[in-house]
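Hi,

Here is the structure I promised to pass on to you. Have a look at it first, and then read on for my notes.

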Amino acid sequence: MKHQNFGERLNAAKNAKQAMAEKFRQRPGLDDPAVAERRAARASVSAARDARIAEREAKRLADDARMTAEREARAAEQAEQDKLQAEQNERMAAEKAADDARLEVERKAARDARYAARKARK
């Protein structure tokens with residue numbers, strides 16, 4: 001709608017402002033039962049949301065604690081297996097060293113016997 005002059009435009013603006021003010025005044029106040037009911041409904045929804053969030057957080061913390069305990073148990077089991085493997089490797093190394101020493105003594109005895117036999121033939 002086009003206004004012809006400045007006065008009409010001022011009146012239109014004034015009327016629009018008055019309509020907005022009237023609309024604002026017609027809104028229910030804070031003590032209105034409908035407003036209180038909506039506020040209570042929002043509060044209950046918010047409380048339920050907070051409870052779900054707290055429940056999820058508690059479940060996450062419990063899962064984290066369980067996973068940490070499982071990791072620690074696996075690490076302890078792995079450490080025990082590593083220790084047993086190291087002990088077995090040490091035993092095998094000691095047995096191999098003893099076998100090598102015994103074989104060396106046997107070889108030396110055989111060599112000495114060959115030398116002695118060769119000397120006895122001369």
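This is a predicted model: local features need pLDDT of at least 70, side-chain atom pairs count only at pLDDT 80 or more; totals for chains, interfaces and linings use all residues.

T68 sits in helix α2. A polar atom of the T68 side chain lies 2.7 Å from the backbone oxygen of D64. For a sense of distance along the chain, take T68 and I53: they are 15 residues apart in sequence, and their C-alpha atoms are 22 Å apart in space.

Now for the helix that holds T68. Helix α2 covers residues 33-121, which makes 89 residues. From first C-alpha to last, α2 reaches 130 Å, close to the 132 Å expected at 1.5 Å a residue. The N-terminal end of α2 is capped by D32, with a side-chain oxygen 3.0 Å from the backbone nitrogen of A34.

Helix α1 takes in residues 6-26, 21 residues in total. The end C-alpha atoms of α1 are 30 Å apart, which agrees with the 30 Å that 1.5 Å a residue should give. At the start of α1, a side-chain oxygen of N5 comes to within 3.2 Å of the backbone nitrogen of G7.

What about the chain as a whole? It has two helices and zero strands. The radius of gyration is 48 Å, whereas the globule rule gives 14 Å for 122 residues, so the chain is more spread out than a compact globule. Along the principal axes, the C-alpha atoms fill a box of roughly 150 × 40 × 15 Å.

Finally, burial, surface and charge. Buried residues account for 1% of the 122 in the chain. The accessible surface is about 11200 Å², with 57% of it belonging to carbon and sulfur atoms. There are 30 positive and 23 negative side chains, and the centres of these two sets lie 8 Å apart.

Best wishes

Methods. Residues are numbered from 1 along each chain as its sequence is written. Side-chain values use heavy atoms; hydrogens and water are left out. Helices (H or I, at least four residues) and strands (E, at least two) are DSSP runs, numbered from the N terminus. The radius of gyration is taken over C-alpha atoms; the globule rule is 2.2 Å times the number of residues to the power 0.38. Buried means under 20% relative accessible area, exposed over 50%, partly exposed in between (1.4 Å probe, protein chains only). Accessible areas come from the Shrake-Rupley method with a 1.4 Å probe; for residues, only the protein chains shown count as cover. Lys and Arg count as positive and Asp and Glu as negative; His and the chain ends are not counted. The place of a charge is taken as NZ of Lys, CZ of Arg, CG of Asp or CD of Glu. The expected span of a helix is 1.5 Å times one less than its number of residues. A polar contact is a pair of N or O atoms within 3.5 Å; within protein, one must be able to donate a hydrogen and the other to accept it, and residues adjacent in sequence count only if both atoms are side-chain atoms.
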